[in-house]
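Here's a quick briefing to read alongside the model. Have the viewer open and follow along, topic by topic.

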2 protein chains.
Amino acid sequence: MLCWLNRLHGALPAPTGRIAHLRPSSLRRRLALSSQRRIPEFSSFVARTNTCGELRSSHLGQEVTLCGWIQYRRQNVFLVLRDSHGLIQVVIPQDESAASVKKILCEAPVESVVRVSGTVISRPPGQENPKMPTGEIEIKVKTAELLNSCKKLPFEIKDFVKKTEALRLQYRYLDLRSFQMQYNLRLRSQMVMKMREYLCNLHGFVDVETPTLFKRTPGGAKEFVIPSREPGKFYCLPQSPQQFKQLLMVGGLDRYFQVARCYRDEGSRPDRQPEFTQKYLKRKDIESIRKFAADHFNQEVLPIFLKANRNWNSPVAKSIMEEQRSGLTRLMEIQEDDVVLLTAGEHKKACSVLGKLRLECADLLEARGLVLRDPALFSFLWVVDFPLFLPKEENPEKLESAHHPFTAPHPSDVQLLYSEPEKVRSQHYDLVLNGNEIGGGSIRIHDAELQRYILAELLKEDVKLLSHLLQALEFGAPPHGGIALGLDRLICLVTGAPSIRDVIAFPKSFRGHDLMSNAPDSLPPEELKPYHIQVSWPADSEAEKSSLNQPYCPES
Amino acid sequence: MLCWLNRLHGALPAPTGRIAHLRPSSLRRRLALSSQRRIPEFSSFVARTNTCGELRSSHLGQEVTLCGWIQYRRQNVFLVLRDSHGLIQVVIPQDESAASVKKILCEAPVESVVRVSGTVISRPPGQENPKMPTGEIEIKVKTAELLNSCKKLPFEIKDFVKKTEALRLQYRYLDLRSFQMQYNLRLRSQMVMKMREYLCNLHGFVDVETPTLFKRTPGGAKEFVIPSREPGKFYCLPQSPQQFKQLLMVGGLDRYFQVARCYRDEGSRPDRQPEFTQKYLKRKDIESIRKFAADHFNQEVLPIFLKANRNWNSPVAKSIMEEQRSGLTRLMEIQEDDVVLLTAGEHKKACSVLGKLRLECADLLEARGLVLRDPALFSFLWVVDFPLFLPKEENPEKLESAHHPFTAPHPSDVQLLYSEPEKVRSQHYDLVLNGNEIGGGSIRIHDAELQRYILAELLKEDVKLLSHLLQALEFGAPPHGGIALGLDRLICLVTGAPSIRDVIAFPKSFRGHDLMSNAPDSLPPEELKPYHIQVSWPADSEAEKSSLNQPYCPES
């Protein structure tokens with residue numbers, strides 16, 4: 001795996017000068033797009049002769065046609081044109097005979113789309129821009145055409161630090177024009193392509209698409225339901241292609257892979273749980289971390305600063321008795337000037353959020369010059385020997401699967417299944433990169449009897465819902481296992497993006513809303529009729545119901 | 001496009017001897033998998049040293065470990081082992097000292113999974129099998145292990161002509177083990193990989209995933225709805241990434257592509273419509289065509305044979321008056337011994353089904369040796385100059401989009417939009433391969449005013465539902481267009497598969513059922529509660545409701 005990611009990393013081209021807007025952590029990783037090798041020959045259907053980013057001194061004297069967005073204009077003399085390949089400076093003609101061209105180029109609002117034709121010329125001595133790959137030349141324009149005008153923008157494209165995330169999501173198509181989003185999405189495309197080439201071309205894996213419309217299965221409480229045209233019958237969106245990949249193994253699709261969609265209806269629950277971090281933070285850093293926790297995880301975080309007199313400076317100080325405060329101070333071994341971050345909620349989720357906040361703190365401190373981690377390293381870690389079962393949270397006498405009921409027990413522990421199942425280790429494994437879980441997988445159970453015993457006897461599940469899988473195991477299922485990588489998170493780590501929403505073209509807000517199109521949206525009852533469902537309005541939501549047709553208001 | 005598919009076709013490797021079960025039409029196309037170049041080096045986690053299909057005389061004397069399914073056994077002396085790379089003959093040891101190995105290999109039922117270790121030896125002179133790529137050698141087994149046993153099969157894997165399609169779908173994991181399904185799915189994987197390499201690596205396209213959970217949009221009557229946790233709010237599964245691809249163009253994702261899922265809730269309506277075909281068919285051919293129409297399209301087809309006395313020999317003869325019969329005979333210019341196939345229903349769908357039946361007839365006649373089409377040719381055809389609008393079926397005074405409301409008008413016809421919109425040609429184009437529509441696309445409207453005029457004034461749609469798209473067009477949307485290929489159908493044509501269900505790993509039945517897992521399935525009301533919906537049982541379906549918990553019975 002290490003080798004695999006390192007090869008992938010090594011295979012990506014070296015950076016060009018175009019990635020000026022990258023965050024430091026991603027600059028350090030130095031992954032970038034090549035603009036050169038991707039310039040294709042253009043067909044007769046393409047209006048441009050070149051892209052904006054590719055012209056150099058070697059093109060001097062050439063007649064070119066370029067299309068792009070107006071990035072900015074200087075004194076009605078220069079105009080910078082942008083396409084996905086880069087920027088180029090265009091000289092607006094000033095002579096009387098070219099008045100119509102000047103009018104078009106001077107009146108078109110910023111971010112309008114134009115086509116220009118002209119000659120590649122040298123910039124006058126002293127006016128070269130070494131920071132710009134096309135900075136030695138400019139285009140002397142002869143003709144221009146306004147392809148589409150742009151109205152006043154809600155924010156400027158060139159600023160990557162934009163107003164609010166809600167605004168960015170609402171105008172996602174504008175946000176996508178930023179260098180950072182172009183970089184993230186194009187890098188993602190190339191990374192996935194490298195993965196495919198490695199798996200398909202080098203190792204004979206077969207790419208198989210599995211269905212999106214499936215049925216509810218045990219443990220599927222987080223699956224979206226889809227009503228069918230048969231009364232009372234529902235499909236589900238699978239949380240993962242978990243069962244299908246096992247069925248493909250039973251079907252002899254040796255070495256299967258898929259870039260799959262996973263659908264998890266996480267709802268939105270504010271969870272809280274105590275943990276702490278230290279590692280010279282200022283009060284404004286704490287505020288930025290609290291905002292990060294609120295924006296990205298919907299999680300409230302409260303700071304505790306330990307004063308010289310060992311008293312707490314904290315909004316929670318009043319709510320906790322002094323004796324408990326000093327107890328906690330001792331327990332957490334807090335020293336003067338230390339900062340503790342306090343949160344509350346379900347243990348596992350809060351730990352995960354706090355783990356991320358710890359990384360965020362490290363980012364803040366490193367941005368200030370403190371070297372905490374070697375940024376050139378990809379540090380991988382395998383987590384193994386998980387327990388196969390955990391006591392149920394609501395009823396600790398009973399067991400539930402630590403991961404899912406299809407994970408095989410550790411070969412040395414199989415006999416314990418029948419005596420002390422809580423002691424059985426699993427053949428599950430997690431992969432961690434630089435402190436972040438980026439994937440996990442397991443060797444699966446291929447023995448139908450063992451699978452039935454675990455489902456029915458240990459987990460008390462209704463095996464009828466899984467009869468297709470149990471039956472498949474009886475028909476010569478080979479021993480099998482695999483791994484799933486979280487692509488969004490992996491690409492976040494590689495690009496240094498602060499959120500997975502920065503590596504997805506059209507992400508949902510953390511509440512699951514599409515702020516651009518306003519999904520989910522209400523439907524008239526007649527559109528629900530073919531699906532034999534009706535809305536059960538909660539008793540207290542009559543007001544909400546009557547407001548359904550009001551104008552759209554994005555969440556803040 | 002022609003060049004593109006021809007390159008793709010040319011780039012696929014030449015066939016090996018393993019594709020013995022292909023249908024003639026696909027054999028003629030001679031596309032196959034390479035088994036040689038895909039054998040990877042094996043890691044320490046892999047139990048086998050080689051695959052079953054790769055061993056040759058050059059491996060003589062090597063000690064190997066193989067894993068696979070027992071394909072068949074001959075007189076307890078030979079056993080043929082199969083994996084996804086091919087078949088190999090294994091010699092079961094007969095000496096007393098190897099009694100335990102013999103017992104394992106002789107008692108394991110067919111399709112059990114075994115691991116064997118032994119030596120590659122020559123077959124005795126005269127016992128070579130030239131039809132088998134591994135036919136010069138066999139494995140002298142020393143050790144064997146039963147990895148998983150197989151219970152009695154519902155059908156034999158090696159027969160591609162299996163009982164019924166319902167049975168194949170119910171036991172899909174067994175069906176997937178057939179040579180034909182392995183070939184189809186692996187070829188599909190390779191074809192898609194070639195497409196990706198062509199688009200990404202040669203032409204700088206960027207692969208972007210667009211969301212599955214979207215909102216209902218005009219013309220979305222066939223979109224599945226997904227209730228959200230907000231009362232009365234629903235997502236939709238998009239019929240295509242149509243709007244997202246436009247928004248990506250507005251976002252500057254120049255040269256986007258995606259291997260996308262499209263969700264269309266077609267329901268199941270038996271449609272009927274008259275058409276005819278000729279081209280020496282026997283009565284049993286007609287029966288097979290009627291069965292094909294019923295199985296694949298849920299469509300009833302009735303034949304008319306014209307007798308020497310010009311009377312009809314047909315089940316519909318009695319229902320049509322003699323005068324009308326002879327009128328139809330003249331109109332359709334039927335000659336003696338001609339066959340007419342009659343069906344009824346919605347015009348466009350019936351025409352499409354009859355087009356497919358015409359191709360099916362050609363297949364039948366060609367299988368009999370009649371040469372109607374050159375099988376080595378890929379004949380492409382562009383269909384252009386479609387009308388932009390059609391009169392509404394239920395109200396011919398009003399217009400509806402011939403394809404969808406985002407298609408741009410033909411540049412020469414723009415002025416007609418305001419006077420005679422029904423005469424406007426569109427910039428839509430369809431691509432046809434060997435008589436089958438394999439793709440279509442259009443130049444889109446990039447002008448917000450024009451788009452608003454067409455939606456609001458000509459089509460009387462509620463533009464509020466599309467405000468995100470109209471707004472995006474106002475922010476400097478570049479002129480753009482594209483094409484979508486129907487991958488399932490394209491791969492059907494290349495493999496010669498009779499149905500798209502033969503090129504999809506886990507297809508639904510034509511009624512939209514997953515016969516393996518029994519999806520869609522009923523859900524207890526408490527699982528619907530978080531989604532604020534309840535089932536509206538049709539008045540006449542109380543009986544059905546009470547039978548929901550009965551055992552699963554696959555559709556026939």
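Helices (H or I, at least four residues) and strands (E, at least two) are DSSP runs, numbered from the N terminus. On that basis chain A has 15 helices and 20 strands. This is a predicted model, so local features need pLDDT of at least 70 and side-chain atom pairs count only at pLDDT 80 or more, while totals for chains, interfaces and linings use all residues. Residues are numbered from 1 along each chain as its sequence is written, chains are lettered from A and ligands numbered from 1 in the order in which they are written, and side-chain values use heavy atoms, with hydrogens and water left out.

**Chain A overall**

- Of the 556 residues in chain A, 52% are buried (buried means under 20% relative accessible area, exposed over 50%, partly exposed in between, with a 1.4 Å probe and protein chains only).
- Chain A exposes about 26000 Å², and 54% of that comes from carbon and sulfur atoms (areas are from the Shrake-Rupley method with a 1.4 Å probe; for residues, only the protein chains shown count as cover).

- Helix 7 of chain A has eight of its nine residues buried, so the rest of the structure largely encloses it.
- Among the buried ones are A:Phe244, A:Leu247, A:Leu248 and A:Met249.
- They pack against strand 9 (256-257) and helix 12 of chain A, plus strand 1 (63-74) and helix 5 of chain B.
- Just after helix 7, A:Gly252 takes a positive phi of about 80 degrees.
- Helix 12 (residues 467-474) of chain A is mostly covered too, with six of its eight residues buried.
- Those are A:His468, A:Leu469, A:Leu470, A:Ala472, A:Leu473 and A:Glu474.
- The cover over helix 12 of chain A includes helix 7 (242-250) and helix 11 (448-458) of chain A, along with strand 5 (137-148) and helix 5 (172-175) of chain B.
- Just after helix 12 of chain A comes A:Gly476, with a positive phi of about 75 degrees.

**Salt bridges**

- Across all chains, a search of the whole structure turns up 48 salt bridges (a side-chain nitrogen of Lys or Arg within 4 Å of a carboxyl oxygen of Asp or Glu).
- A:Arg188 pairs with B:Glu209, with 3.3 Å between the closest N and O atoms.
- That pair crosses between chains: A:Arg188 sits in helix 6 (residues 179-202) of chain A, and B:Glu209 in the loop between strand 6 (206-207) and strand 7 (225-227) of chain B.
- A:Arg188 counts as buried at 11% relative accessibility, and B:Glu209 as partly exposed at 26%.
- A:Arg196 and A:Asp207 also meet in a salt bridge (2.9 Å, N to O).
- This one links distant parts of the chain, from A:Arg196 in helix 6 to A:Asp207 in strand 6 (residues 206-207) of chain A, 11 residues apart.
- Both A:Arg196 and A:Asp207 are buried.
- In chain B, B:Arg168 bridges to B:Asp175, the closest N and O atoms being 2.9 Å apart, and both residues are buried.
- Shared partners join A:Lys151, B:Glu449, B:Arg452 and B:Glu474 into one salt-bridge network.

**Surface patches on chain A**

- A:Trp382, A:Val384 and A:Ile483 form a nonpolar surface patch with about 280 Å² of accessible area together.
- Patches are made of residues with over 30% relative accessible area and no salt bridge; like charges are joined within 9 Å, nonpolar side chains (Val, Leu, Ile, Met, Phe, Trp, Tyr) within 5 Å.
- A:Val384 is in the loop between strand 13 (380-383) and strand 14 of chain A, and is partly exposed at 49% relative accessible area.
- A:Glu346, A:Glu393, A:Glu394 and A:Glu400 gather in a negatively charged patch on the surface.
- For charges, Lys and Arg count as positive and Asp and Glu as negative, with His and the chain ends not counted; the place of a charge is NZ of Lys, CZ of Arg, CG of Asp or CD of Glu.
- A:Glu394 lies in the loop between strand 14 (389-391) and strand 15 (399-401) of chain A, and counts as exposed at 63% relative accessibility.

**Two loop residues**

- A:Arg501 is in the loop between helix 13 (487-495) and strand 19 (521-522) of chain A, yet is buried at 9% relative accessible area.
- Not counting residues up to four places away in sequence, A:Arg501 touches residues including A:Glu165, A:Asp295 and A:Phe510 (contact means heavy atoms within 4.5 Å).
- B:Pro479 lies in the loop between helix 12 (467-474) and strand 18 (481-485) of chain B and is partly exposed at 39%.
- Leaving aside neighbours within four places in sequence, B:Pro479 contacts A:Leu147 and B:His446.
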